[in-house]
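Please read the following report alongside the sequence and the three-dimensional structure shown here.

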Amino acid sequence: MAAAPTTAPDSVQAVEEGLRSVGYLPSASSLVSFLATKLGKPVLVEGPAGVGKTQLAKSLAEYLQRDLVRLQCYEGLDEAKALYEWNYRKQLLRIQAEAQGTGWEDVQEDIFGEEFLLERPLMTAIASETPVVLLIDEIDKTDQEFEAMLLEVLSDFQISIPELGRVEARTQPVVLLTSNNTRELTEALKRRCLYLWLDYPALEHELAIVRLHTPDLDETVARKLVEIVGMVRELDLKKPPSIAESIDWARALLLLGAEDIDERIFRETLSVIVKHRTDLDLVAERVGVKLTQG
Ligand SMILES: Nc1ncnc2c1ncn2[C@@H]1O[C@H](COP(=O)(O)OP(=O)(O)OP(=O)(O)O)[C@@H](O)[C@H]1O
Ligand SMILES: [Mg+2]
């Protein structure tokens, strides 16, 4: 077990061990994570679905003993949901309370104070007294205007509020942005980030992950499972199975008490790893047949 660090880790090895100690088996991710904590740069994590992008941020927060602040991106996400919003209701109440005999000037000074601000994730992350891990998940779902706004926060670590002035960061978060590549991100954003490409893992690495999540599954079954998943990924599928599906399949096989993955059990449990009608047919035909022969 790595000692619980309250400050930045002092080597790649320390990050590697730290991530392992919280159940995340890193690949190239420990080097980039280490650099991120040292250089104070955000990390852009790209790769197909289910390869551990979001989990990396969660595990990093757990290992560094920091709170995780998460901004889940979606189409139409705006500053009011990402940065801050004025608490209109509270402002209104104050105006009503002060209505008698007070001029607008006085009230105005009152209602645009921090007390009337609703913090959203980006602001929470930089205003936190103790440094946090900030996860900006699925950044590719937002539009370019949002990206531009984000750039300002990520490069200056400050937020300008017209009525209030500049809010400077109290602490600097470790920032991870994830993307599934549904659109190309701007060069300006990439330039400010370290880059981590997470792909489907190599066989031995995936085997280790599956075994970590289902230690009770027989090793030969687990090995056969990742071999089959590897074969399935080579087919031209709409949606190849990810690590998440491998883990689900391992859990299902364990529950069913499977001692081997033969053609029958493969067909019966196929829908745990393949989730499109056309993919199911293709996989049953190509891989199912191989299992019969093998
Ligand atoms: N290196 C790893 N070590 C341990 N578990 C892992 C690892 N990589 C992935 N997993 C497991 O795989 C699952 C899927 O990972 P995660 O949700 O982070 O994927 P993702 O890349 O964010 O996918 P999506 O693009 O669909 O959001 C997690 O539940 C996690 O437990
Ligand atoms: Mg994710």
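Predicted model: local features only at pLDDT ≥ 70, side-chain atom pairs only at ≥ 80, totals over all residues.

Residues are numbered from 1 along each chain as its sequence is written, chains are lettered from A and ligands numbered from 1 in the order in which they are written, and side-chain values use heavy atoms, with hydrogens and water left out.

**The largest pocket**

The largest pocket holds about 590 Å³ of space. A pocket here is an open set of points on a 1 Å grid over the protein atoms alone, where a 1.4 Å probe fits and protein lies on both sides within 12 Å along at least five of seven lines; lining residues have an atom within 4 Å of a point. The volume is the space filled by probe spheres set on the points, which are joined across faces, edges and corners. Its lining comprises 29 residues, and those nearest the centre of the pocket are Gly50, Val51, Gly52, Lys53 and Gln55. At least two lining residues come from each of the helices α3 (53-64), α10 (203-213) and α12 (243-256), with α3 giving the largest share, four residues. Helices (H or I, at least four residues) and strands (E, at least two) are DSSP runs numbered from the N terminus. By class the lining has twelve nonpolar, eleven polar and six charged residues, where Ala, Val, Leu, Ile, Met, Phe, Trp, Tyr, Cys and Pro count as nonpolar, Asp, Glu, Lys and Arg as charged, and the others, Gly among them, as polar.

**Salt bridges**

The whole structure contains 20 salt bridges, each being a side-chain nitrogen of Lys or Arg within 4 Å of a carboxyl oxygen of Asp or Glu.

| Pair | Closest N and O atoms | Relative accessible areas |
|---|---|---|
| Arg94 and Glu115 | 3.5 Å | Arg94 23%, Glu115 47% |
| Arg170 and Glu129 | 3.9 Å | Arg170 48%, Glu129 63% |
| Glu184 and Lys190 | 3.0 Å | Glu184 56%, Lys190 24% |

Salt bridges that share partners also join Lys81, Glu85 and Arg120 into one network. Returning to the pair of Arg94 and Glu115, whose closest N and O atoms are 3.5 Å apart, this bridge links distant parts of the chain, since Arg94 is in helix α5 (residues 88-98) and Glu115 in the loop between α6 (104-111) and β4 (117-119), 21 residues apart. In the bridge between Arg170 and Glu129, Arg170 lies in the loop between β7 (165-168) and β8 (174-179) and Glu129 in the loop between α7 (121-127) and β5 (133-137), so the pair ties together parts that are 41 residues apart in sequence.

**A surface patch and a buried residue**

Leu31, Leu35 and Leu39 make a nonpolar surface patch of about 260 Å². Leu31, found in helix α2 (residues 29-39), counts as partly exposed at 45% relative accessibility. Patches are made of residues with over 30% relative accessible area and no salt bridge, like charges being joined within 9 Å and nonpolar side chains (Val, Leu, Ile, Met, Phe, Trp, Tyr) within 5 Å. By contrast, Leu134 in strand β5 is buried, with a relative accessible area of 2%. Leu134 and Ser59 are 75 residues apart in sequence, and their C-alpha atoms are 12 Å apart in space.

Conventions
Areas by Shrake-Rupley, 256 points an atom, 1.4 Å probe, with all protein chains shown as cover. Buried < 20%, exposed > 50% of the residue type's maximum accessible area, 1.4 Å probe, protein only.
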